[in-house]
Amino acid sequence: TERAETYYNKALDAYRKCMGKDHPEVATSMGDLANVYCDQGRFNEAIKLYEDAHKIHTDAYGKEHVDTASDLASLGLVHSVQGHHKQALPLLRDAYKIMEQHLEEDHPNLLQVKQFMDKSEASLKEGKKK
């Protein structure tokens, strides 16, 4: 994953130079790098990138766009895998609400968000609150 990180950082730099720091492709590249950080267990760095990507996508496309929802889902997933279900659940719910308007009910992304949303809800009901 170190090699992937190097390549994604180079791609992110290139997108910023070519398209400007607020272009949606920059946000997508940020999400790719954030995914690598998650794989490395660097959750705080991943969260920062997902938050920045979400702002860019929101500014470019609005709050109800599927790319904006994907950023929310990514943030929710990171919090969920860390056991931070109180933080994860509202993000996952918001992402699911938007995604279900744009995606088929059996779309893998929608199903994944639903799975993590259910997991967070169950964990909170069991008293594993963080």
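The model is predicted, so local features need pLDDT of at least 70, side-chain atom pairs count only at pLDDT 80 or more, and totals for chains, interfaces and linings use all residues. Residues are numbered from 1 along each chain as its sequence is written, and side-chain values use heavy atoms, with hydrogens and water left out.

**Confidence**

- The protein has a mean pLDDT of 95, where pLDDT is the predictor's confidence in each residue, from 0 to 100.
- A pLDDT of 70 or more is reached by 98% of the residues.
- Confidence is highest in H3, at a mean of 98, and lowest in H6, at 94; helices are DSSP runs (H or I, at least four residues) numbered from the N terminus.

**Salt bridges**

- The count comes to seven salt bridges, each being a side-chain nitrogen of Lys or Arg within 4 Å of a carboxyl oxygen of Asp or Glu.
- Arg42 pairs with Glu5, with 2.9 Å between the closest N and O atoms. Arg42 sits in the loop between helix H2 (24-39) and helix H3 (43-61), while Glu5 belongs to helix H1 (residues 2-19), so this pair ties together parts that are 37 residues apart in sequence.
- Glu5 is buried at 16% relative accessible area, whereas Arg42 is partly exposed at 24%; here buried means under 20% relative accessible area, exposed over 50%, and partly exposed in between (1.4 Å probe, protein chains only).
- Arg42 also meets Glu45 in a salt bridge, at 2.8 Å from N to O, and Glu45 is partly exposed at 37% relative accessibility.
- Asp118 and Lys114 form another salt bridge, their closest N and O atoms lying 3.0 Å apart. The two are four residues apart in helix H6 (residues 108-125), which means about one helical turn separates them.
- Asp118 is partly exposed at 33% relative accessibility, and Lys114 is partly exposed with a relative accessible area of 33%.
- Shared partners join Glu5, Arg42 and Glu45 into one network of salt bridges.

**Nonpolar core**

- The largest nonpolar core holds 34 residues, a nonpolar core being a set of buried Ala, Val, Leu, Ile, Met, Phe, Trp, Tyr and Cys residues joined through side-chain atoms within 4.5 Å.
- Met30, Ala46, Leu49, Tyr50, Leu92, Met99 and Val113 touch the most other members of this core.
- At least two residues of this core come from each of H2, H3, helix H4 (66-81), helix H5 (85-102) and H6, and H5 gives the largest share, with eight residues.
- Leaving aside neighbours within four places in sequence, Val113 is in contact (heavy atoms within 4.5 Å) with Ala73, Leu92, Ala95, Tyr96 and Met99.

**Gln87**

- Gln87 lies in helix H5 and is partly exposed, with a relative accessible area of 41%.
- The C-alpha atoms of Gln87 and Gly76 are 7.2 Å apart, with the two residues 11 apart along the chain.

**Largest pocket**

- The largest pocket contains about 160 Å³ of space. On a 1 Å grid over the protein atoms alone, a pocket is an open set of points where a 1.4 Å probe fits, with protein on both sides within 12 Å along at least five of seven lines, and lining residues have an atom within 4 Å of a point.
- Its lining includes Ala27, Asp32, Tyr50, His57 and Asp71.
- H2, H3 and H4 each supply at least two lining residues of this pocket, and H2 gives the most, with five.

Methods: Grid points are joined across faces, edges and corners, and a volume is the space filled by probe spheres set on the points.
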